[in-house]
Amino acid sequence: MINVIFALIGIILWTLVEYMTHRFLGHQKKGKQIIKKEHQRHHSQTTHFAPIQKKLLLAVFVFSILTLIIGFAFTFQMGVYFSFGFAGMYFIYELTHRRFHIKEPLIRYGLRMRKHHFFHHFGNPSLNHGVTTAFWDRVFRTYQKPQIVRVPKKMTVIWLEDEEKHLKSRYEADFFIK
């Protein structure tokens, strides 16, 4: 049971790290660190994602360090469970974020979070930093419920134009193309 708790703590901590990384490193005012550079490119080319090699290298390093820290503070087994929760949620984040930009989400929660995320991209980049959850946006007061998200024509991908025709009746979504 305690191992499951450590996995859940890893999951929750990932969502906080996701929010903080996006808000403070991705949108940092000064500096030229790699996260900001890749994130700015993603905002200007919404189907661009940092190369998987970069992400995997950083992920292996971070997960190894987290396992050791938790392992020394508690037990190695708890460190492994924590890291599996953290890594599992990171994997879900990567899949979810990519899907938001490439295809229609599979469930209503995905549609709601994609709208939340697209508002960040096309409405106000200083708000709605969460991708997998809006919880931390609410906690840190960077949440705004998007009513309508207008995607500029130059940033619209074909699937979103086609999706607009059938989504309103299917899911009551309101993505509109400018």
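Predicted model: local features only at pLDDT ≥ 70, side-chain atom pairs only at ≥ 80, totals over all residues.

Among contacts in the chain between residues at least 6 apart in sequence, what percentage join residues at least 24 apart? I looked it up and got 60%.

**Entry 1: the overall layout**

I went through the secondary structure and found seven helices and two strands. Read along the sequence, the pattern is α-α-α-α-α-α-β-α-β. I also checked burial for the chain: of its 178 residues, 43% count as buried.

**Entry 2: helix 1**

I started with helix 1, residues 2-26.

Next I listed the buried residues of helix 1: Asn3, Phe6, Ala7, Gly10, Trp14, Thr15, Glu18, Tyr19, His22 and Gly26. What covers them? The cover includes helix 2, helix 3 (52-73), helix 4 (76-102), helix 5 (108-122) and helix 6 (135-139).

**Entry 3: helix 1 against helix 2**

Two packed helices are described by the angle between their axes and the distance between the axes. For helix 1 and helix 2 (residues 34-44) I noted an angle of about 90° and axes 9 Å apart. Angles of 65 to 115 degrees count as roughly perpendicular, so helix 1 is roughly perpendicular to helix 2.

Which residues meet there? From helix 1 I have Thr21, His22, Leu25 and Gly26, and from helix 2 Ile35, Lys36, His39 and His43. By class, this contact of helix 1 with helix 2 has two nonpolar, five polar and one charged residues. His22 and Gly26 were already on my list of buried residues in helix 1.

While in helix 2 I also looked at isoleucine 34, which lies in that helix. At 44% relative accessibility, isoleucine 34 counts as partly exposed.

**Entry 4: helix 4 against helix 5**

On the helix 4 side I found His97, Phe100 and His101; helix 5 brings Gly110, Met113, Arg114, His117, Phe118 and His121. I sorted the residues of this contact by class and got three nonpolar, five polar and one charged.

**Entry 5: aromatic rings**

How many aromatic pairs are there? The count comes to twelve. I picked out phenylalanine 63 and phenylalanine 86, an edge-to-face pair at 5.8 Å centre to centre with 75° between the planes. This pair links distant parts of the chain, since phenylalanine 63 is in helix 3 and phenylalanine 86 in helix 4, 23 residues apart.

Buried or exposed, these two? Phenylalanine 63 is buried at a relative accessible area of 17%, and phenylalanine 86 is buried at 4%.

I then turned to phenylalanine 135 and tryptophan 136. Their ring centres are 4.7 Å apart and their planes at 80°, so this pair is edge-to-face too. Phenylalanine 135 counts as partly exposed at 45% relative accessibility, whereas tryptophan 136 is buried at 15%.

One aromatic cluster went into the notebook as well: Trp14, Phe63, Phe82, Phe86, Tyr90 and Tyr93. Trp14 is a buried residue of helix 1.

**Entry 6: positive phi**

Most residues other than glycine have a negative phi. I noted two that go the other way. Asparagine 128 has a phi near 55° and lies in the loop between helix 5 and helix 6. Arginine 141 has a phi of about 60° and is placed in the loop between helix 6 and strand 1 (149-151).

Which of the two is buried and which exposed? Asparagine 128 is buried, with a relative accessible area of 0%. Arginine 141 is exposed, and I wrote down 77% for its relative accessible area.

Key: Residues numbered from 1 in each chain as written. Heavy atoms only, no water. Axes fitted to C-alpha atoms, helices over the stretch in contact; angles between N-to-C directions. Helix = DSSP H or I, 4+ residues; strand = E, 2+ residues; numbered from the N terminus. Parallel < 35°, antiparallel > 145°, perpendicular 65-115°, else oblique. Contact = heavy atoms within 4.5 Å. Nonpolar A, V, L, I, M, F, W, Y, C, P; charged D, E, K, R; others polar. Buried < 20%, exposed > 50% of the residue type's maximum accessible area, 1.4 Å probe, protein only. Phe/Tyr/Trp six-rings, centres within 6.5 Å; stacked < 30°, edge-to-face > 60°.
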